[in-house]
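Dear colleague,

Please find below a structure that I am handing over to you.

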Amino acid sequence: MSNSITPQAAYADGHPQSTPTPRYPNNVAWTRSPQWNGTPGPDDSYVGGSLSITDLTSLGSGAACGGGSGYGCVMRMRFKLPPHTPGTPCADTPPASAGCTLNSNAALRYWSLTLWQQQPPSFPVDFYNADPDGIAPNASGAKAVSIISLADSAFTVTGGYVTLLVAAGASLPLALQQASASMGIQQGVQPESVAGMYSAWVADGYNVVSLHPFAGGESPTFDTSVPLMMTLRNTLPASTFGCSGAAVPFFTAEYTAGGGMMGPYVPQVDFVDPNSLPTPISLPTAGSCGEIPDLLPAGNGPLYLSGGACGSGSNCVDWPGQTWAEDPSSASPALGCCGTTAGSPVIDFVATQFPVPVDASTTLYPTSLQDCSDAYGSQTTPCSQIVYQYPQGTGVSSGTLQPPTPITIVGSGFGYLPNLPQTMQTCTTSCGSNYLRIQNNGAASGLAWDTNDGASCQVYIADWSDTTISIIANLPIGITDLYSGATLSPLSDFSPLTLMPTSSTPPENFACPITYADGVGDTLTLTITNPQSGASQNIPWGVSAPGAPLN
């Protein structure tokens with residue numbers, strides 16, 4: 001799958017020039033990354049947006065804000081910081097280092113905002129796809145370059161809010177300039193200095209960053225001929241904090257008509273005259289956090305071709321370079337808009353793994369399955385395969401045990417689930433919030449179980465979009481830290497400790513086996529309920545031995 005072609009979804013258009021005028025307009029189409037992009041860890045969520053080359057030009061000329069004072073325009077970002085986030089990175093000496101202590105009130109383990117670009121600029125704009133970690137460079141040779149990163153500890157809060165002014169093309173009036181070293185920010189910013197001055201500072205209650213010093217041959221270098229990307233990183237949100245990037249489904253725009261799935265915790269961006277800063281409009285309340293409209297968002301799902309290009313009739317959008325449908329500065333296909341009636345689940349196939357890629361070229365893969373985009377009942381060649389997972393070493397104890405079973409469900413009408421990843425706890429009576437139910441008849445294992453009837457295990461939900469659900473079944477419960485004895489969760493410790501039982505784990509704590517033995521396989525019945533429409537579908541699937549024909 002090409003890294004530069006990313007399907008996006010949007011419920012509403014938040015651009016200031018859209019019709020009707022949005023209640024909380026935002027010049028940036030903040031969107032959560034796809035699950036696989038940049039290979040982020042499961043502890044992190046990335047929400048990103050961008051300024052196009054046209055935006056950068058109009059900021060410098062003053063056209064973006066009326067251009068009355070001769071200073072050009074600055075980008076104003078206004079938002080709230082998650083409460084009680086520990087100071088990271090820690091200062092070397094007290095008392096600042098005391099703020100690094102974790103406590104039960106912390107909304108997040110870590111928060112940061114990074115301004116970056118895909119460089120060198122000689123490559124076409126279409127190649128400016130996201131790679132926030134620098135792990136998987138684009139095939140074109142373009143490379144993600146971080147210009148400046150600001151952790152939560154770098155910001156000064158005024159009146160409960162952060163206001164960050166970014167001069168990307170404008171000069172700053174004297175009141176906002178860095179007049180002395182005492183104004184510089186020395187904690188939570190990287191790089192701390194550039195061209196003999198601090199990279200970020202506080203002036204008149206505003207947090208200020210000027211990208212001009214980075215354009216003077218310094219490394220990293222800011223280039224106005226390349227779009228400016230912006231990425232928010234949220235790490236390990238508390239279960240009581242529903243306003244992090246995890247509240248947004250993967251590859252979905254954060255903005256909704258009700259305010260947005262991150263409420264006031266995503267930057268509201270406007271373009272303003274730095275010499276005469278207008279009163280900002282109000283931010284959404286936290287009441288909109290995690291609220292997904294009961295609609296199917298408009299999508300831009302491309303048709304994937306063998307060469308990685310977009311197919312006819314598709315709309316290719318590169319995260320985080322997406323733009324609003326009404327944005328006159330759009331430099332790439334815009335996000336589709338807006339939401340329509342939520343659908344009903346239709347399962348195409350369920351699988352743990354495939355011997356060849358689904359719908360791959362039959363020239364390269366003569367045994368490729370070609371009907372997997374059809375509904376299960378109309379497939380001429382069955383595509384589903386739930387494979388028994390052989391017992392293996394746990395990595396944390398001697399002996400072998402069966403690992404959890406990864407399962408992917410593909411189809412349509414599944415709806416969207418916020419706050420991912422999450423663990424689905426089994427239940428007995430109050431199961432209304434469990435939109436996925438797994439039942440096993442125990443034909444091979446002799447142990448029947450039902451996640452809606454007290455099954456003793458956890459199910460890890462990695463992704464849930466309208467067309468794909470990815471889960472890991474039969475995670476053990478009650479796993480404790482080897483040293484402190486504290487109970488661990490895969491949401492905060494995604495490792496062999498929480499994914500695999502050990503020889504000392506009571507069997508009743510991972511009692512959801514998925515088994516094939518002596519020519520007989522268990523039968524799993526998966527019931528999917530669309531969180532927005534409430535419609536459901538369930539289909540039974542047989543468990544096969546590794547290497548057995550698809551069923």
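I begin with one cysteine: Cys243 is buried, because its relative accessibility is 7%. Buried here means under 20% relative accessible area, exposed means over 50%, and partly exposed lies in between, with a 1.4 Å probe and protein chains only. The partner of Cys243 is Cys289, and the two form a disulfide with their sulfur atoms 2.0 Å apart. A disulfide is counted when a pair of cysteine sulfur atoms lies within 2.5 Å. In general terms, such a link is a covalent bond between the sulfur atoms of two cysteines. The torsion about the S-S bond of Cys243 and Cys289 is about 105 degrees, so this disulfide is right-handed. It links distant parts of the chain, 46 residues apart: Cys243 lies in the loop between β13 (228-235) and β14 (268-272), and Cys289 in the loop between β14 and β15 (295-296). Cys289 is also buried, at 12% relative accessible area.

Before going further, please note that this is a predicted model, in which local features need pLDDT of at least 70 and side-chain atom pairs count only at pLDDT 80 or more, while totals for chains, interfaces and linings use all residues. Residues are numbered from 1 along each chain as its sequence is written, and side-chain values use heavy atoms, leaving out hydrogens and water.

How many disulfides does the count give? The count comes to 3. One of them joins Cys65 to Cys73, with an S to S distance of 2.0 Å. Its torsion is about -90 degrees, so it is left-handed. Cys65 is partly exposed at 24% relative accessibility, whereas Cys73 is buried at 0%.

Another disulfide joins Cys457 to Cys512, S to S 2.1 Å. The torsion about this S-S bond is about -90 degrees, so the disulfide is left-handed. This pair, too, links distant parts of the chain, 55 residues apart: Cys457 is in the loop between β25 (449-450) and β26 (458-464), and Cys512 in the loop between α2 (496-499) and β28 (516-517). Both cysteines are buried.

As for the protein overall, it has 2 helices and 31 strands. These are DSSP runs numbered from the N terminus: helices are H or I with at least four residues, and strands are E with at least two. Of the 551 residues, 53% are buried.

Yours sincerely
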